[in-house]
Amino acid sequence: LDSDDELDDWRPWLARHGPGLALFARQWTVCVADAEDAVQDGFVRFWQARGRSRGEGYLYACVRTAAMDLSRSQRRSRRRETRVAIARDPQAGASAFTPAHAELAAAVESALAQLPAGQREVLVMKLWGGLTFAQIAVATGINPNTAASRYRYALQRLQTELAEEVSRD
Amino acid sequence: VTEPIDQFEAQLRRLEPRPLDDLLVEEIGSRLSNCSQPKPQSDGLLWCAISCSAAAACLIIGIIAHDSFVELPNGPAVVIVRPSAPMGDYQQALARADMRWGDELR
């Protein structure tokens, strides 16, 4: 590979994982812009260390760290500004899903927000990131069996919450 | 709730996360291309200074370690025995001290 090919290689990675990563980052951030910043920081960090990387699990770990750092550093200052920003920016409160099945998507987003953080991140990585439990374990630092049981609990809880919307959709 | 969990899972999978904004993809691209640029000369100088410092530190540690591990020659132990003062030396010394005191008092 020459250097241009090597440099362009990141595009298929981002095309394949970008949407899932943005949804994943959204679980920690207050708006779309913050989630995009986290994806950007995490992806650049991942790509720079790609020689030592462990694939998709590591990519999600990088974005997770970036999102958490961002959330932590901005929590104090953002608390006051968030309401104003959301009111001004039409994208801030936008759905993390495509407009297809909009009603179900809105219900899912609301139900996701009710889940414990540990269950929510596993569910998002598995369902919309397409990661295996082993990869989720790499991303979160938990045991693959723990990841599997968190996923099952989250799915059951979501099914209970969304019974009505799912039957309607 | 009676719906099998697999079916529910499949329904959730039908929802697609929003694709990334083109602007974001461009920003990521420009950051990655900036990172791949050759590093400026100042970075080279910094690394040179760090390497020299590390080498100097290693040298100093090496010298100290070498000195502390130098073995003493295995010869016979030398015991210095001071001869005890001969009898009468103490009395003479006392007498000299008395003479000096006597002169000062006079």
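Let's start where the two chains meet: the contact takes 38 residues from chain A and 27 residues from chain B. Keep in mind that this is a predicted model. About 3200 Å² is buried between chain A and chain B. Carbon and sulfur atoms give 68% of that area. On the chain A side, A:Gln40, A:Gln159 and A:Val166 lose the most area to chain B. Together they make up 19% of what that side buries.

A:Asp41 pairs with B:Arg31, and their closest N and O atoms are 2.7 Å apart. Eight residue pairs are in polar contact across the interface. Which elements of chain A give two or more residues to this side? They are helices H2, H3, H5, H6 and H8. By class, that side has 24 nonpolar, nine polar and five charged residues.

Next, helix H3 of chain A, residues 32–48. It has 17 residues, so at 1.5 Å a residue it should span 24 Å. Its end C-alpha atoms are 24 Å apart, which agrees. Several residues of H3 are buried, including A:Gln40, A:Gly42, A:Phe43 and A:Phe46.

Last stop: A:Cys62, in helix H4 of chain A, residues 56–88. Is A:Cys62 buried or exposed? Its relative accessibility is 4%, so A:Cys62 counts as buried; the cut-off is under 20%. A:Cys62 touches A:Gly42, A:Arg45 and A:Phe46, leaving aside residues up to four places away in sequence. Now look at A:Ala139. A:Cys62 and A:Ala139 are 77 residues apart in sequence, but 7.9 Å apart in space, C-alpha to C-alpha.

Methods:
Residues are numbered from 1 along each chain as its sequence is written. Chains are lettered from A and ligands numbered from 1 in the order in which they are written. This is a predicted model: local features need pLDDT of at least 70, side-chain atom pairs count only at pLDDT 80 or more; totals for chains, interfaces and linings use all residues. Side-chain values use heavy atoms; hydrogens and water are left out. Helices (H or I, at least four residues) and strands (E, at least two) are DSSP runs, numbered from the N terminus. The expected span of a helix is 1.5 Å times one less than its number of residues. Buried means under 20% relative accessible area, exposed over 50%, partly exposed in between (1.4 Å probe, protein chains only). Contact means heavy atoms within 4.5 Å. Buried area is the accessible area (1.4 Å probe) that two parts lose on being put together, summed over both. A salt bridge is a side-chain nitrogen of Lys or Arg within 4 Å of a carboxyl oxygen of Asp or Glu. A polar contact is a pair of N or O atoms within 3.5 Å; within protein, one must be able to donate a hydrogen and the other to accept it, and residues adjacent in sequence count only if both atoms are side-chain atoms. Ala, Val, Leu, Ile, Met, Phe, Trp, Tyr, Cys and Pro count as nonpolar, Asp, Glu, Lys and Arg as charged, and the others, Gly among them, as polar.
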